[in-house]
Amino acid sequence: MTKRTPFRRAAVPLLAATFTIATLSSARAATPQELLADYAAQAGTAASAPRGEALFTQRHGQEWSCATCHGAPPTQTRRHASTGKPIGALAPAFNAERFTDSAKVEKWFRRNCNDVIGRECSAGEKADVIAWLLTIKH
Ligand code: HEC
């Protein structure tokens with residue numbers, strides 16, 4: 001029995017560390033459906049795909065719409081309106097990486113809504129955009 005003790009002592013912190021890493025990384029991973037549900041819950045209203053489409057395709061008093069860089073429907077790789085860098089399709093059915101990392105989604109909603117609307121998007125607007133993007137199928 002006593003011979004096992006050193007192994008156990010090492011194993012417990014190792015397991016704890018593994019668990020912590022797994023928990024931290026899974027907190028960021030998500031599906032588009034989960035992110036949509038989170039934003040709709042924060043907003044306290046159901047998401048609307050037609051409202052999301054309008055937000056995405058219309059200009060809001062600035063030079064660009066969301067569609068300027070992402071296209072409408074956003075199903076193809078496009079070039080950034082000013083830098084020319086490629087931007088992969090935004091609709092999840094055409095790009096499995098989209099809306100799977102909540103930190104990335106938050107970062108780009110913040111930046112792009114500020115550029116296009118001149119302010120951050122509300123949780124309800126984010127839910128609307130994701131709801132519309134999820135209606136876009138092959
Ligand atoms: C000036 C160009 C430009 C405009 C305009 C723009 N975007 Fe983007 N968007 C980008 C770039 C660049 C990225 C990051 C590169 C990439 O992910 O392909 C990105 C990424 C995103 C992402 C990250 C999604 C993910 O999970 O990968 C979201 C969400 C997004 N944009 C939403 C919007 C919305 C909503 C609007 C309009 C309010 C908008 N964008 C307008 C350039 C733009």
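The structure is a predicted model, in which local features need pLDDT of at least 70 and side-chain atom pairs count only at pLDDT 80 or more, while totals for chains, interfaces and linings use all residues. Residues are numbered from 1 along each chain as its sequence is written.

The protein chain contains six helices and two strands, where helices (H or I, at least four residues) and strands (E, at least two) are DSSP runs, numbered from the N terminus. Read along the sequence, these elements follow the pattern α-α-α-α-β-β-α-α. Of the 138 residues in the protein chain, 22% are buried; a residue is called buried if 20 or more other C-beta atoms lie within 10 Å of its own, exposed if 12 or fewer, and partly exposed in between, with C-beta atoms placed from the backbone. Two residues are in contact, or touch, if their C-beta atoms, placed from the backbone, lie within 7 Å. Among contacts between residues at least 6 apart in sequence, 59% join residues at least 24 apart.

Two packed helices are described by the angle between their axes and the distance between the axes. The axes of H3 and H6 come within 7 Å and cross at roughly 100°; such axes are lines fitted to C-alpha atoms, for helices over the stretch in contact, and the angles run from 0 to 180 degrees between N-to-C directions. H3 and H6 are therefore roughly perpendicular to each other, since angles under 35 degrees count as roughly parallel, over 145 as roughly antiparallel, 65 to 115 as roughly perpendicular and the rest as oblique. On the H3 side, Ala49, Arg51, Gly52, Glu53, Leu55 and Phe56 meet Glu125, Asp128, Val129, Ala131, Trp132 and Thr135 of H6. The residues of this contact divide into six nonpolar, two polar and four charged, where Ala, Val, Leu, Ile, Met, Phe, Trp, Tyr, Cys and Pro count as nonpolar, Asp, Glu, Lys and Arg as charged, and the others, Gly among them, as polar.

The ligand comes next. Of the 22 residues around the ligand, Cys66, Cys69, Trp108, Asn112 and Val116 come nearest, a residue being near a molecule if its C-beta atom, placed from the backbone, lies within 6 Å of it. H4 and H5 each supply at least two residues of this shell, and H5 gives the most, with nine residues. The shell divides into 14 nonpolar, five polar and three charged residues.

Val116 itself lies in helix H5 and is buried, with 23 other C-beta atoms within 10 Å. Not counting residues up to four places away in sequence, Val116 touches His60, Gln62, Trp64, Ser65 and Cys66. Its C-alpha atom is separated by 7.2 Å from that of Arg59, although Val116 and Arg59 are 57 residues apart along the chain.

The loops and strands complete the tour. Pro73 is found in the loop between helix H4 (66-70) and strand E1 (78-79), and the peptide bond from Ala72 to Pro73 is cis, with omega near 0°. Arg78, in strand E1, is partly exposed, with 18 other C-beta atoms within 10 Å, and touches Cys69, His70, Gly71 and Ile87, not counting residues up to four places away in sequence.

In the loop between strand E2 (86-87) and helix H5 (102-117) lies Phe99, which has a positive phi of about 55° although it is not a glycine, and which is buried, with 23 other C-beta atoms within 10 Å. The loop between E2 and H5 also holds Leu90, a buried residue with 25 other C-beta atoms within 10 Å. Leu90 touches His70, Pro74, Asn95, Arg98 and Leu133, again not counting residues up to four places away in sequence.
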